[in-house]
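Please look over the sequence and the 3D structure shown here before reading on. The report below is written for someone meeting them for the first time.

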Amino acid sequence: MKYLNEFRDGELAQKLAAEIKHLTTRHWAIMEVCGGQTHSIIRNGIDQLLPPEIELIHGPGCPVCVTPLEMIDKALAIAALPNVIFCSFGDMLRVPGSSKDLFTIKSEGGDVRIVYSPLDAVKIARENPDKQVVFFGIGFETTAPANGMAVFVAKQQGLKNFSMLISHVLVPPAIQAIMTSPTNRVQAFLAAGHVCSVMGYWQYPPLADQFQVPIVVTGFEPLDVLEGIRRTVKQLEAGEAFVDNAYPRAVTIEGNKPAQKLLGEVFEVSDRAWRGIGVIPQSGWRLSQAYGDFDAESRFDVSGIRTQESSLCRSGEVLQGTLKPNQCPAFGKQCTPRTPLGATMVSSEGACAAYFNYGRFEEAG
Amino acid sequence: MKNLDFENWSCPLPLRNSPNIVIGHGGGGKLSAELVEHIFVPAFKNDLLDNLGDSTILPMPAGRLAFSTDSYVVQPLFFPGGNIGELAIHGTVNDLAMSGATPLYLSAGFILEEGLPMNVLGAIADSMGAAARAAGVQVVTGDTKVVDRGHGDGVFINTSGIGVIPAGVHIAPNRAQVGDVVIVSGSIGDHGMAIMSVREGLEFDTQIRSDTAPLNGLVATMLAAAQAAGDVGSIHVLRDPTRGGVASSLNEIAAKSQVGIMIHERALPINPEVQAACDILGMDPIYVANEGKLLAIVSKAAAEAVLAAMRAHPTGQHAAIIGQVTDQHIGRLVAKTAIGGTRVIPMQIGEQLPRIC
């Protein structure tokens, strides 16, 4: 396929890996921010091609993983209501709340549906005027334009039976939080290509300057990831720290302007809790005042729900890159994709699930 | 009580020519008999069925029997490349063929939902008949029940089948041996993605079509080639990778045979549209269902002859060697990735879920 198979070429991958090895003179810890990149690294065995000095730290960029347990419990409470059609992306259905998941709610009679676009949920709302249709709007800047568009369209069409349960988070504040953490080990970032295709990368130079950390906008196919790593190592070895774009076929510095305009209208920046990490100031989006009527949290009055995480689960450390999934005592024992304790084991983009599914049982190193 | 007029009253006879299935079609009375007479008998036409007794008496050739059953609940009932009826014939024929059996007789049980249009049932039965004739099997007994509207999904079909295993053929999931070669009969993931793209309204330049097809002809060709190469027993395992795809079938074989299986991702035949659909939905074609493909584990000595015979058969044109059986990583399926890394391919837990982004 055009623009895809070209980026999965085995020989070129070996060549890039050899170049990285040639460049590398010492240990470097590089964080890939996005869960899609983690998935690609483990699925393709990219890390196995790298010299042992290059350590990849898996970042907090899996939208399923960072959605707080409390938010899942709110989703479960709403989905169980008799007059509600609850719509979600597929991989949220298996994420456990404190006692159930959405699959269980469905088996108990809740109307839970997998959709591929939030606009499908708007359509369902139009077709079922006597039901309340709720979409679980989670994700980073990547999914935000489609979610924003759904709310925008619902308002334009005057739909009174559509709302969105929102847990939207943003990448730059997460990078800031990681760099200011006292336990931080990250020396460079592979920025998430698809986030940047929406937002551009104009937000990143101040971060690169402030923390003297190389940030390389990187794609998802094996050659994209390897090229991102190559450019990162080049900067690290040269003692440089700037923002570089290794994914120019999808990303420009200014990003998708119409999408940003829509986001600015529908959402406003707010504090957000990240599962396993805690509240990061100004790190997410909520609906702006003009669209506040579409907020499912206030429509269904679930704001009282408070939930504690499992004490065994150390996904917070995994998400911050201070613990490898297979170093967690519960990994593969109490915690498996079938009996997940934390969201990092649930989503296929989650670092723990990626390690488990691709057989990384042995302790790294 | 004025104006009552009993002059024109008549006994309401049951409506016989209903355009839809009604509860009475499953009642065992006249309506049921008419359904059998007008829809099923013409569709499945054969001497054994014509007796319409409570059971059918079958002549059986000597040898070991293979017996299998499967139920079909696919939505939509008609999809690009096939329909639930063809699937119900192919599925059971293929299950029999995977033990090396020559499929002979099938049963067909229908659970119909009240309100199902008669012409839909007719089309399904007709294509079942055509699929059975093409596969060289006879539908020799059947049953129909009707459930209330809202308690079914149009049509559910169960088929069971009987076949005879030729002498010298010993095919079973626990017979893979170290050094054997893994062959797939063609492109993977077509059926699952055809269904998925219809259900989810995904559109591509070329429509993805289900690969539903009978595999008994291909298996017969393979057995003949193995025989000609010196040993009909050199085909050790056959599986049709339906639900759970190639990944689940090979994992089961690795576990049952207590061997490791190594495959090469680059060798997997995958249609570009299927790969594209999988990439969009965040799915892996190796877990996606097939309905007209088989995996064969064959001794190294016979592999080339069997592969050549497969490629000469219409359902095996794109057959390829995709891996080997090894004494490493016992019980596990491992893939060499396209870029030269390795990954373990585990059994999946439930359904593959589309990823968020």
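What follows describes a sheet, a pair of helices, several single residues and the cysteines.

This is a predicted model, in which local features need pLDDT of at least 70 and side-chain atom pairs count only at pLDDT 80 or more, while totals for chains, interfaces and linings use all residues. Residues are numbered from 1 along each chain as its sequence is written, chains are lettered from A and ligands numbered from 1 in the order in which they are written, and side-chain values use heavy atoms, with hydrogens and water left out.

**The sheet of chain A**

Helices (H or I, at least four residues) and strands (E, at least two) are DSSP runs, numbered from the N terminus, and two strands pair if DSSP finds at least two bridges between them. In chain A, six strands make up an open sheet with mixed pairing, in the order S4-S3-S5-S6-S11-S10. Strand S4 (111–114) and strand S10 (267–274) of chain A stand at the edges with a single partner strand each, so one side of each has no neighbour in the sheet. From one strand to the next, the twist averages 25 degrees; axes are lines fitted to C-alpha atoms, for helices over the stretch in contact, and angles run from 0 to 180 degrees between N-to-C directions.

S10(A) and strand S11 (residues 278–287) of chain A run antiparallel and are joined by seven bridges. These two strands, S10(A) and S11(A), form a hairpin with three residues between them, and Gly276(A) in the turn has a positive phi of about 80 degrees. S6(A) also pairs with S11(A) in the antiparallel sense, over two bridges. The table lists residues that face a partner in S11(A).

| Residue | Partner in S11(A) |
|---|---|
| Glu268(A) | Arg286(A) |
| Arg272(A) | Ile280(A) |

Helix H9 (residues 171–180) of chain A lies across strand S6 (162–169), S10 and S11 of chain A and runs at about 175 degrees to S11(A). Helix H13 (residues 257–266) of chain A lies across S10 and S11 of chain A, at about 80 degrees to S10(A).

**Two helices of chain B**

In chain B, the axes of helix H1 (residues 30–44) and helix H4 (residues 118–135) come within 7 Å and cross at roughly 30 degrees. H1(B) and H4(B) are therefore roughly parallel to each other, a term for angles under 35 degrees. Among the residues of H1(B) that meet H4(B) are Leu35(B), Ile39(B) and Phe40(B).

**Single residues**

Buried means under 20% relative accessible area, exposed over 50%, and partly exposed in between (1.4 Å probe, protein chains only). Arg230(A) lies in helix H12 (residues 222–238) of chain A and counts as buried at 16% relative accessibility. Leaving out residues up to four places away in sequence, Arg230(A) touches Leu16(A), Glu19(A), Ile20(A) and Leu23(A). Arg311(B), found in helix H9 (residues 300–311) of chain B, is partly exposed, with a relative accessible area of 43%.

**Cysteines**

A disulfide is a pair of cysteine sulfur atoms within 2.5 Å, and by this rule the count over all chains is zero. Cys313(A) is in no disulfide, the nearest cysteine sulfur being that of Cys335(A), 6.1 Å away. Cys278(B) is buried, with a relative accessible area of 0%.

Technical notes:
Parallel < 35°, antiparallel > 145°, perpendicular 65-115°, else oblique. Contact = heavy atoms within 4.5 Å.
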